Every structure is written in structure tokens, then in C-alpha cells.
Amino acid sequence: MQQKTKLFLQALKYSIPHLGKCMQKQHLNHYNFADHYYNRIKLKKYHLTKCLQNKPKISELARNIPSRSFSCKDLQPVKQENEKPLPENMDAFEKVRTKLETQPQEEYEIINVEVKHGGFVYYQEGCCLVRSKDEEADNDNYEVLFNLEELKLDQPFIDCIRVAPDEKYVAAKIRTEDSEASTCVIIKLSDQPVMEASFPNVSSFEWVKDEEDEDVLFYTFQRNLRCHDVYRATFGDNKRNERFYTEKDPSYFVFLYLTKDSRFLTINIMNKTTSEVWLIDGLSPWDPPVLIQKRIHGVLYYVEHRDDELYILTNVGEPTEFKLMRTAADTPAIMNWDLFFTMKRNTKVIDLDMFKDHCVLFLKHSNLLYVNVIGLADDSVRSLKDGKLVPMTVFHKTDSEDLQKKPLLVQVYGAYGIDLKMNFRPERRVLVDDGWILAYCHVRGGGELGLQWHADGRLTKKLNGLADLEACIKTLHGQGFSQPSLTTLTAFSAGGVLAGALCNSNPELLRAVTLEAPFLDVLNTMMDTTLPLTLEELEEWGNPSSDEKHKNYIKHYCPYQNIKPQHYPSIHITAYENDERVPLKGIVSYTEKLKEAIAEHAKDTGEGYQSPNIILDIQPGGNHVIEDSHKKITAQIKFLYEELGLDSTSVFEDLKKYLKF
């Protein structure tokens, strides 16, 4: 098998450079790619797929997102004496719904990542990295591998865990709530586990095993939010740690991904529109990596492996059907990639937001299949703007009456081709229980409807996202969901661009706004190349320093540039003192300019004018967004209730069920 792999990599090494030259001369499509690929490498078969609806997110490929589950050892659900087992033939959705209706609401607590490997489960318990036998994972019978307090960090938590193939070592990335800096510790597993080594500022990391059965850790080093260097290290008697790749182009970043069968390690070099992948043989990790395809501007691709076959997901070529897998009968399973991602993406909602007894509404779109999650609503909410149907997801209690008089919380992001987050948040559940309507607006610039949806909301099309947001809110009001005096808007990070722009263009649609680490000064930020992310993000926002068209376009929507004396909704801004992604300076400048404009408007309006409240809450630390900060959550909810003149007594009592104050 190992000799076969070496032959395969040799063939790949000599064939792909020729392929790269050929692709630049010919029209770039999947047929050219496939012909050259197949004829030279001689794999059993190839899989080249056109990704129209969604590309895998970098974080998904790197598998570095902590799993979010809900439990609480102090408040374990009490099994009902007369509890009956669920029928085996019950529909999956009905099983979930039944479970939600019977479980105690107090058992939710967000915990961190866990990884199953061999017969063990590795996870964080208290301030320790522990493992327990798989069948005993829900008990208190676990083995302590490492005490996080040894790192002398303030409230550390485990962000990612990787176990070496033979479980001789485990690596864990550890960070804190108030910083994006991380430390990777390597623990030698034995009767008395011991920390073998630690590396600072590690981003992605994966284990492989070489020909001598030695575990090799590959990891990327992140400096000032830029990730350009790849290292490999061994431990024990044969310690070595060497850098073997450095990306020279500052607009690209590097991350590692181990194929699902652990056969190959891929080095992925990407910016927002272009990628390049190098392949490392998992059985010969000291051999030089092999280039799959040289980077070509506008071409994104990702590599997966299974049964001596490479699966390449790319954005080039015409939409068609492809062989994705073979069934048990070895007959080709044909699936249109558009439909595959549509089904996958919308089914995934079931795992994210499950609100018992609440309506779940999805937009009907001619090219999409939307799943009615709980089966409680047949209606749809939609917004039509410039001939585009903009998806919205709306939650409210099914027994709500007179929705026009209910408070509405609108959420938006619309950047980087990333889906709007709809993961479970205790404070969102509490708001719905208290009668609020939640509306998620999946505007252009995000990734919900694929690459084109992102392209239609970036660079000189960024105003499309603003138009979509305006249309969504007007549509909600038009269909009887709340009214402007009860409408609030929330956004974080890059979502602050659209939220801030809406406050300038249509402030009458909103009563109050909460922003967290918002990007508000686009023009000045993108003209400052000394900032860590400016060069990486030129493909998203444009280059105002060298392109006058980009500069003038940004001026049209940049929240900071378009502040003017007028009435604004009340705005609560949470910022972080040492945030490297969205510098505090820009947020402070925005806040001061906004207050000056409001004061000028109040002066011109005369006595009796009630000025909106503008609050800037600066939190200590260097993180970008602290998702689980109780202080932030309570401050934002308090602000919304006070601005809308609502009684918050019951909502804070309910919130105590989920958050430990």
C-alpha cells in the first residue's frame, strides 16, 4: 500500500505542473481538469465537483470549531417514572420534538470540545483535559491528563483536541476568553501523563505517523492574525521541530486539514477568492509535499480522499451532475451538487435552533428545498429586492397573538460568504419565550445561497446587502411582524457595516440597535495596510488606496463616513480593548462622531426632542467577540428592554436558568 502511494505521488508530482500550464491556455472547466488528471495519475476514478451553492468554510475544513452541546452535571434531567420509550418507527423530527417537550429547560450549559479516538473520549472537565472510556463518558469516571492551570492563564479553555494515531500523545489548543492567542500543549499518554512540549500561537494542527511508527505533529504558526508558516515536530527520544513551509504572499493564509480517512494531510493556502493545495503523504510525512494545482486567480478548490480516490471540490466549470459516491451495490450514486448542498445546509438547521413550540418559517425559493423543521408552520416569509428573493428565518411562539405589537429582533451579517450564525443561544430562547419575534436575514454577501450570493454582496456590490436588509425589515412589517417602534437590530463584527449603514440610510425602521465589535470605519481601515487583516480582505472590501472606484464606492456605504445630523435609533456598542480584528480606535471615532451629529440635530430640532442613547461599553481583553460573556448578554438585553419600555423582570429570572451568574 505504501509503495502504491509513493507511485501515486510521483505521478502526481510530474503530471500536475503540466496540467497547470495546460489549464492557463484552455478554457478552464472540469472536463480539461479531469482528462489531464485521470490520464496521468491513473487513479481508479476521479471526482471533480462544481460547488455552486456553498464552499466548505475554512473553519469547517480545519475542524477547529469547538463542538457545542448542552448539559449540566448539577442539573441532570430526572427521568420520569412513567416515561415510555419512543416508537422505533417514529419520524426523526418527531423524536426530536418529543424529546424537547419532555426535557427540563434548566439543563442547558455550553461546554467545550470533545473528541472520540479509539475507545476513549477526550474532553475538558473543569480546568482539566481528561479522557474516559467511551461507554463511561457520561459518568464521573475519568482520567486527568493535564491541568490547564499550569499555564498560568486567566480562565483557560480547550479550543481544539487532536489525538495521535496510536494514542501515545494528545495535543490540545488552549486559549482564554479575553484573547485570541493560543497555546498548544502536547501530552504524553502513560500511567502518569506528562506535558512533553508546548508551542505558542498555534492555529491548526494535525497528527500523522511516519514509516518508523513515529508520531509527527504538523502545525501552523499565527502571528498578528496572519498564518503563513507550517512546522512539523516529533517528541520523545527523537525530538525535532522544523519549519518547512512559509507563504510569501501576505494576502494569503495557511491552514492544515487531515482527510477524513487520515490518509493525507493537505496544506491549504487561500485568500478570499483563490486557493492552492499541497498534499503530504500520511505514511511518508518527511517527503516533500506535492502540489495539486498551482493557484489561479478566482479558482477555489478543496481536496478530500477516500479509497485511493481524490475528491476535488471546486468552483470552476459548468453546473452538472457528478459521481459523489458508490452505493453498497457498487452502482453510481448521482446527485446534483446544488441540491446536495441545499439539502445538507437546510437539514443542518435542525441541529442548530430547536425551539420547542415555536414557529419556524423559511423562504420558498425556486431553486431551493427548504425543510419545515417542526411542522408547525406552512407559511413563508420572503423579501423581494431587485428581482432577488432574500431568505429570512423567523421564530416566534405559535400561540402569539397580534404579532404586530410584539418586539422584533433582526439579525444580519452578510460578509465573507459566511452563513449567518443561528446556533442556540440561551438569551435568544428567553426572548422568544417572552414574546419576541426573531428574524435572521440571509442577505447577499453571506454564503447561504452559494458563491454567487457572496459575490453579489462584496466589493462594488456591497450595497446589495444593505438593500436586502432594508427590504427584509419592510417586508416583515408589511406582513404583520412587529412595527418600527418595536424593531431592534443586532450585528457583530463585519455585520456592523450593514447595520451601521442602515442606521444612516433608514433610521426610521429601527428603535434600538446592539453592535458587538462592529466594523464601522471601512474606508480608513482598508487604507491602513499596517493593520493585520487589511491585505487579506482586499478581495472583500476593495482597495481604496490604489483604486479610485473602490474608494468612492466605499464612501457611499461606510457607516463612519455617512454619519449626518438626523434622528438615529438608540445604539449600544460592545467593543474590546485590544481587539486586533476591529481596532478600538475606529469604534471610538465612530461613537464620538455619531454623538456630535445627534447633538447637532437636537439643537436644530429644538426643545422637546428626545435624543437617542448612544452607549459604548469597552470590555478589557484582546478577543474579538466573547460569545458567552454573561455581563455582555445582560447589558444588551437590559438595553433593549429599556429602549422599548418593556418590563425585564421575568426575562432575567428565566435567563438565570441557563446562565450561571
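Mentor: H8 passes H9 in a right-handed crossing, meaning the near helix is turned clockwise from the far one by less than a right angle. Helices here are DSSP runs of H or I with at least four residues, strands are E runs of at least two, and both are numbered from the N terminus. This is a predicted model, where local features need pLDDT of at least 70, side-chain atom pairs count only at 80 or more, and totals for chains, interfaces and linings use all residues. Residues are numbered from 1 along each chain as its sequence is written, and side-chain values use heavy atoms, leaving out hydrogens and water.

Trainee: Which residues in H8 and H9 meet?
Mentor: Lys462, Gly465, Leu466, Leu469, Glu470 and Ile473 of H8 meet Leu498, Ala501, Leu502 and Ser505 of H9; contact means heavy atoms within 4.5 Å.

Trainee: New topic: how many disulfides are there?
Mentor: The count is zero, a disulfide being a pair of cysteine sulfur atoms within 2.5 Å.

Trainee: Is Cys184 buried or exposed?
Mentor: Cys184 is buried, at 0% relative accessible area. Buried means under 20%, exposed over 50%, and partly exposed in between, with a 1.4 Å probe and protein chains only.

Trainee: And where is Val185 found?
Mentor: Val185 is in strand E10, residues 179–188, and is buried at 0% relative accessibility. Its C-alpha atom is 9.1 Å from that of Phe146, 39 residues apart along the chain.
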